[in-house]
Amino acid sequence: MTDRIADVWGARTPYRAGSGWPRRVDQHVEDGVPEAEVRWFPSACVLCSNGCGMDIAVHQGRMVGVRGRATDRVNHGRLGPKGLFGWQANNSADRLVEPLVRRNGRLERASWEEAMQLVVERSRRVLAEQGPLGMAFYTSGQLFLEDYYTLSLVARGGIGTPHLDGNTRLCTSTAEFALAETFGSDGAPGSLTDIDQCDTLFMIGHNMAETHTVLWARVLDRLQGGDRPRLVVVDPRPTTAAREADVHLAIRNGTNAALLNGIQHELIVQDRVDHAFVEEHTVGFETLRRQVREYPPERVAEICGVRAEDVVEAARILGSGQRLVSTCLQGVYQSHQATASACQVNNINLLRGMIGRPGCTVFQMNGQPTAQNTRETGANGSFPGMRNWQNPEHVEELARIWNVDPLQLSSWAPPTHAMQILRYAEQGSVRFLWVIGTNPAVSLPELPRIRSILAQERLFVVVSDAFLTETTQLADVVLPVALWGEKTGTYTNHDRTVHLSEKAVDPPGRARSDMEILLDYAQRLGLTDRDGAPLVAWRSPEECFDAFKEMTRGRPCDYSGLSYRRLRGAGGIQWPVTDERPSGTERLYADHEFNTRTDRCQDYGHDLGTGAAYERKDRAELGPDGRAILKAVRYVPPHEAPDEDHPFLLTTGRNVYHWHTRTKTGRAPQLEAAAPDVWVELSVPDAARLGIAEGDLVLVASSRGALQAKARLSGIREGVVFVPMHYGSCSEGDESEPAGHARAANELTITDWDPVSKQPVLKVAAVRIERLADGGAAPAPAPTTAAPGPRGEAVPSTSGGPGARATVEDET
């Protein structure tokens with residue numbers, strides 16, 4: 001038995017390159033449950049994008065635990081703390097079990113008939129008065145493929161609105177755009193098995209040890225396996241991964257593009273370029289070479305605040321390896337020049353000719369478990385099946401599949417991104433907003449503004465959720481939903497692995513699955529196809545999946561060879577899956593033929609500096625014709641810089657024990673106890689100058705808002721402060737009442753987004769810090785197990801106690 005709060009990544013099982021990651025099965029089941037009476041239902045974890053295969057334990061109709069699945073290709077049996085303990089949210093006593101409608105200013109219980117009639121009546125009124133552009137939908141990255149595809153058809157094909165996006169816009173929209181800019185379409189080029197083969201790892205803005213705990217366990221096992229890969233980490237904080245690195249570049253927030261230009265400069269100067277590969281399989285090298293000439297190590301050191309020799313050494317490591325795996329996440333995606341920087345990461349692998357073969361890939365990582373499916377289904381700012389909204393043939397093909405008029409698909413402009421949807425609501429042109437499985441009143445930037453928008457009388461807000469949240473407080477109708485484990489469906493992780501999750505238990509009370517709710521809505525609204533038949537023809541998740549896979553036939557994300565039958569017991573299958581490739585596809589681009597041809601590409605590309613969209617003629621003029629595109633960019637400073645009044649740079653991010661706004665993980669006792677409240681992390685020298693000690697209460701303020709929290713002193717870069725993004729304005733365990741003071745990181749963040757991916761900038765803002773009160777010798781509520789640990793003061797180690805113990809079966 002192991003305390004998996006104290007021991008986040010579990011016991012090590014070291015292995016060498018090419019030998020295969022050993023199995024280790026992690027399990028947590030409630031005490032006192034007879035093992036012989038437990039039934040196990042196959043699923044996969046939904047608390048990060050790794051998609052670890054797991055089984056759900058059920059006893060007497062109730063979820064009682066989970067175990068990792070040894071035969072799954074993703075995790076080989078391992079689970080992280082959120083996977084082991086997060087399932088307990090399903091059993092929480094405060095689950096929503098019946099609809100709520102607002103009467104006389106208060107949310108009160110209602111029947112499904114009353115709630116849905118109200119939703120449909122308001123939809124009809126808005127459609128009559130405003131047309132389809134008055135309707136908007138904002139969804140999650142945690143539903144199932146079948147939920148998303150139903151929503152996409154209803155919103156795009158039925159109502160005809162372009163205003164459909166997901167909270168994946170905050171998470172990994174940059175991943176999609178960077179992949180499409182370089183390779184022509186979305187979809188990770190490589191496989192998690194490339195970790196098993198590589199000799200060099202490059203992690204930029206990716207705190208893997210906390211955001212992808214099982215993937216980090218895999219990396220740790222390689223690092224301790226006897227033929228250790230070299231590791232370069234870029235992060236302003238001394239994260240767990242940074243402490244394992246050969247080179248740690250603790251750059252200034254918002255300077256990724258400058259650093260990456262400098263690394264490419266050194267690769268070219270040191271002649272670490274695979275010239276034959278670049279000549280034959282890429283376009284844009286000469287433009288890139290001219291651009292990065294402006295970024296010698298000395299200039300990069302000045303911009304980024306690191307040593308020039310460390311930039312040179314990082315480039316030497318990346319340039320001398322034979323098998324390079326690069327990864328990036330929110331430290332790139334939620335920062336300044338997001339898509340531009342992510343494309344430079346792609347460039348590094350292309351310059352080295354390291355793509356499409358074992359141990360050689362770039363991961364534009366996802367953060368959420370089903371983020372990939374929002375993109376594939378068109379439930380975010382994309383067209384379904386990775387189709388190009390500017391390509392009339394793609395639009396007409398989708399219209400034929402859905403049997404709707406092509407004009408219904410609103411292809412006259414790009415699909416609307418989340419921040420623009422909120423702006424339209426603020427201006428009054430959007431009058432109906434349906435929020436599904438997300439909590440924008442905590443997760444979106446500049447929260448005072450977001451709350452004011454959602455609270456408008458003229459905006460009708462529907463929220464589908466399993467719990468009361470800060471967002472439901474502002475809703476007109478709240479619909480109770482089934483969670484993971486309470487419905488059947490599929491989802492796809494960040495290396496294109498598809499899993500089937502079987503329904504294990506019934507949802508509580510009168511809660512329904514999102515797909516059921518949307519089917520009911522479409523029927524009540526009378527949505528039909530061109531022939532007058534019901535627009536949504538399916539009635540079960542499997543029927544929906546079958547319709548979806550036909551929609552993907554011939555597209556980059558081809559699911560046509562998949563079925564529920566094939567997924568059952570498979571341990572995960574990577575798309576594309578076709579008749580020719582019935583077992584799936586481990587790596588894309590093994591033949592170095594990329595999806596960049598004008599008639600196939602998902603997008604014609606953008607100017608990375610301005611975000612201006614290229615047209616078909618621009619793509620044809622570039623003429624990539626199946627070659628990857630090396631995109632060059634000039635570094636420009638962030639839009640908000642520290643000044644005399646706000647001298648610090650703020651960055652926000654995740655903690656290993658929590659997920660998004662804690663709607664689920666805050667209801668798992670072990671996880672909540674490990675990180676019960678917000679904290680502010682700052683460096684020891686900065687704290688000394690301000691007279692701040694560990695645990696002191698401090699105020700952090702930007703020009704937009706402020707929060708109060710206890711201080712954690714760490715080895716973070718001087719001039720930078722970190723605040724975890726999970727904590728909202730609601731008091732613990734009761735989202736119906738606000739806490740005594742603001743504690744949400746997004747009280748501070750700026751309304752700004754990347755010009756290409758439209759992903760909000762949540763990691764660059766200017767703030768000031770003020771000491772409010774003595775901490776009374778009580779440390780900050782920040783965990784000690786993950787990075788960065790406390791400095792100076794004696795702080796008790798984080799542990800989970802008896803309730804956090806998990807069994808481990810070593811199958812090495």
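**Ground rules**

I note that this is a predicted model, in which local features need pLDDT of at least 70, side-chain atom pairs count only at pLDDT 80 or more, and totals for chains, interfaces and linings use all residues. Residues are numbered from 1 along each chain as its sequence is written, and side-chain values use heavy atoms, with hydrogens and water left out.

**The whole protein**

I found 26 helices and 31 strands in the protein. Helices (H or I, at least four residues) and strands (E, at least two) are DSSP runs, numbered from the N terminus.

I then looked up the overall dimensions. The C-alpha atoms fill a box of roughly 65 × 65 × 60 Å along the principal axes.

Of the 812 residues, 66% are buried. I read the accessible surface as about 26,200 Å², with 46% of it belonging to carbon and sulfur atoms; the areas come from the Shrake-Rupley method with a 1.4 Å probe, and for residues only the protein chains shown count as cover.

For contacts (heavy atoms within 4.5 Å), I considered those with a separation of 6 or more; 75% of them join residues 24 or more positions apart.

**Helix α5**

I looked at helix α5, residues 173–183, and found it mostly covered, with eleven of its eleven residues buried. Among these buried residues are E176, F177, E181 and F183. They pack against several elements, including α4 (168–171), α15 (338–351), β15 (361–364) and β22 (628–629). Just after α5, G184 takes a positive phi of about 100°.

**Salt bridges**

Side chains of opposite charge can pair when their charged atoms come close. I use salt bridge for a side-chain nitrogen of Lys or Arg within 4 Å of a carboxyl oxygen of Asp or Glu. A search of the whole structure gave me 53 of them.

E718 lies in the loop between β26 (706–714) and β27 (720–724) and R689 in helix α26 (residues 684–690), so the pair ties together parts 29 residues apart in sequence. E718 has a relative accessible area of 45% and is therefore partly exposed.

I next looked up D677 and R743, whose side chains meet in a salt bridge at 2.8 Å, N to O. This pair links distant parts of the chain, 66 residues apart: D677 is in the loop between α25 (669–674) and β24 (679–683), and R743 is in the loop between β29 (734–738) and β30 (765–773). D677 counts as partly exposed because its relative accessibility is 31%, whereas R743 counts as buried at 6%.

R768 and E770 also meet through their side chains in a salt bridge, at 3.1 Å, N to O. R768 is partly exposed at 32% relative accessible area, and E770 is partly exposed at 36%.

My last entry is a network of salt bridges that links D55, R67, R69 and D72.

Terms used. Buried < 20%, exposed > 50% of the residue type's maximum accessible area, 1.4 Å probe, protein only.
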